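Visitor: I am new to this structure and would like a close look at a single part. Could you pick a spot and walk me outward from there?

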Amino acid sequence: MNLSYFISKRISRQQTGTFSSTIHKIAIITITVGLGASIVSFLIMNGFESTVKKKIYNFSSHILVRQMSDTPLDEKPFYFNKVDLIKHPEKYPMVTHVQEYAHKPGIIKTQDELMGIAFKGVGKSFDVESFKDNLVEGEFIHLQDSAMSPEVVLSKTICEKVGAKLGDDIIVHFFQNPPRFRKLKVVGIYETNLTEYYDSKVIIGDMKLVQRLNDWADSVAGGLEVFIDFDRFDRSQLHSYYMDTAKDNIWSSDWSWFEKVTESFNAWSSYDFEEQALSQTAEYINHETDYNQRAIPANYTFETVFQWLHLVSRQVVIYWRSYWLSYA
């Protein structure tokens with residue numbers, strides 16, 4: 001007979017009001033509160049992680065396809081309609097949407113302020129509905145078939161710094177030789193709360209403006225944003241592939257036995273389904289596209305954010321396992 005079970009059963013049968021029954025009730029309440037706190041913390045962490053990732057995906061897509069260059073804003077133009085993703089979409093069943101974009105560095109100049117920004121030009125294929133989750137005021141720019149839209153969407157952070165509000169005109173000076181500037185109208189204000197990556201530097205406008213400033217053709221862009229559907233992946237197959245690859249790499253190394261066991265645990269605890277789906281899709285796109293183009297998954301572009309999310313998530317996992325082991 002299980003000794004722990006026998007003792008707890010005898011204690012639970014004690015009469016009401018005895019010392020043993022009081023201790024028994026306190027123990028039950030303690031375990032209940034601890035279990036409830038663990039579940040709440042786990043759910044909060046999952047919700048927080050999903051929210052941050054969703055904001056990144058909505059603003060910058062799951063995967064970027066661009067020509068290889070030295071810096072993110074140093075975009076080398078290419079004819080996006082000739083990319084295999086556009087020409088043969090049937091080869092990519094996991095891809096749900098592809099949209100072109102182009103960046104142009106510049107400065108917003110007012111009477112009192114100067115602020116460096118990155119102008120993100122988007123085209124007619126831009127998924128406005130997904131972006132609306134980030135809009136806090138106004139509306140998105142109205143893109144036309146032939147004419148260039150003079151409208152722009154600013155972040156709440158940029159508006160506060162340059163003193164702009166909905167309906168105002170702003171002057172944007174673009175870096176090139178000779179320098180050029182354009183007067184643009186603020187029709188929308190967005191907020192992602194990812195200030196370091198978006199809110200403090202990115203404004204959104206018509207890609208035709210970038211094309212004209214750079215003397216590009218209408219079918220030329222600086223890159224493609226690719227969106228995928230995670231439900232189209234086999235979760236068990238993806239997990240098995242990841243663990244088998246990690247196991248082969250770890251146990252074929254010259255590490256000590258203790259280091260191999262530690263790294264095996266780290267590989268198991270750091271597995272993320274979405275990141276593996278992104279990496280696998282990017283690898284497949286790279287295999288099918290031209291050698292001078294590269295597909296970059298979001299977990300690589302925003303590596304710092306994803307590593308931070310892993311660190312926080314791992315703390316929750318360690319706490320959860322410690323709690324259950326203490327009552328096992």
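Guide: Setting aside neighbours within four places in sequence, Thr 301 is in contact with Leu 64 and Ile 296. This is a predicted model, so please read everything here as computed from that prediction. Thr 301 sits in helix H11, which covers residues 298–301. With a relative accessibility of 36%, Thr 301 counts as partly exposed. Thr 301 and Leu 64 are 237 residues apart along the chain, yet their C-alpha atoms are separated by 8.7 Å.

Strand S1 spans residues 63–67 and is mostly covered, with 5 of its 5 residues buried. In a regular strand, side chains alternate between the two faces of the sheet. In S1, Ile 63, Val 65 and Gln 67 are on one side, while Leu 64 and Arg 66 are on the other, and all of them are buried. Both faces of S1 are therefore covered, because residues on each side have under 20% relative accessible area.

Which strands pair with S1? One is strand S11 (residues 223–228), which runs antiparallel to S1 and is joined to it by 3 bridges. There, Leu 64 has Glu 225 of S11 as its bridge partner. The other is strand S12 (residues 293–297), which pairs with S1 in the antiparallel sense over 5 bridges. Here the bridge partner of Val 65 is Ala 295 of S12.

Is Val 98 buried or exposed? Val 98 has a relative accessible area of 17%, so it counts as buried. The C-alpha atoms of Val 98 and Phe 227 are separated by 6.3 Å, although the two residues are 129 residues apart along the chain.

Lys 91 is in the loop between helix H3 (84–87) and strand S3 (95–109), and its partner Glu 288 is in helix H10, 197 residues apart. The side chains of Glu 288 and Lys 91 meet in a salt bridge, with 3.0 Å from N to O. Glu 288 counts as partly exposed at 26% relative accessibility, and Lys 91 counts as partly exposed at 28%. Asp 84 joins in too: Asp 84, Lys 91 and Glu 288 are linked in a network of salt bridges.

How many salt bridges does the structure hold? There are 9. One of them brings together the side chains of Lys 53 and Asp 272, at 2.7 Å from N to O. Lys 53 belongs to helix H2 (residues 19–60) and Asp 272 to the loop between helix H9 (257–269) and helix H10 (273–288), so this pair ties together parts that are 219 residues apart in sequence. Both Lys 53 and Asp 272 are buried. Another salt bridge joins the side chains of Asp 168 and Lys 165, at 3.6 Å from N to O. There, Lys 165 counts as exposed, with 53% relative accessibility.

Helices H9 and H10 each have a meeting with helix H8 (residues 235–251), so let us take them in turn. The axes of H8 and H9 come within 10 Å and cross at roughly 160°. H8 and H9 are therefore roughly antiparallel to each other, and their crossing is right-handed. The residues making this contact include Tyr 242, Met 243 and Ala 246 of H8, along with Trp 257, Lys 260 and Val 261 of H9.

The axes of H8 and H10 also come within 10 Å, but they cross at roughly 80°. H8 and H10 are therefore roughly perpendicular to each other. Arg 235, Leu 238, Tyr 241 and Tyr 242 of H8 make this contact with Phe 273, Gln 276, Ala 277 and Gln 280 of H10.

One last stop is Asn 134, in the loop between helix H4 (128–131) and strand S5 (135–138). At 2% relative accessibility, Asn 134 counts as buried. Not counting residues up to four places away in sequence, Asn 134 touches Lys 55, Asn 58, Phe 59, Ile 189, Tyr 190, Glu 191 and Thr 192.

Methods:
Residues are numbered from 1 along each chain as its sequence is written. This is a predicted model: local features need pLDDT of at least 70, side-chain atom pairs count only at pLDDT 80 or more; totals for chains, interfaces and linings use all residues. Side-chain values use heavy atoms; hydrogens and water are left out. A salt bridge is a side-chain nitrogen of Lys or Arg within 4 Å of a carboxyl oxygen of Asp or Glu. Helices (H or I, at least four residues) and strands (E, at least two) are DSSP runs, numbered from the N terminus. Buried means under 20% relative accessible area, exposed over 50%, partly exposed in between (1.4 Å probe, protein chains only). Two strands pair if DSSP finds at least two bridges between them. Axes are lines fitted to C-alpha atoms, for helices over the stretch in contact, and angles run from 0 to 180 degrees between N-to-C directions. Angles under 35 degrees count as roughly parallel, over 145 as roughly antiparallel, 65 to 115 as roughly perpendicular and the rest as oblique. A crossing is left-handed if the near helix is turned anticlockwise from the far one by less than a right angle, and right-handed if clockwise. Contact means heavy atoms within 4.5 Å.
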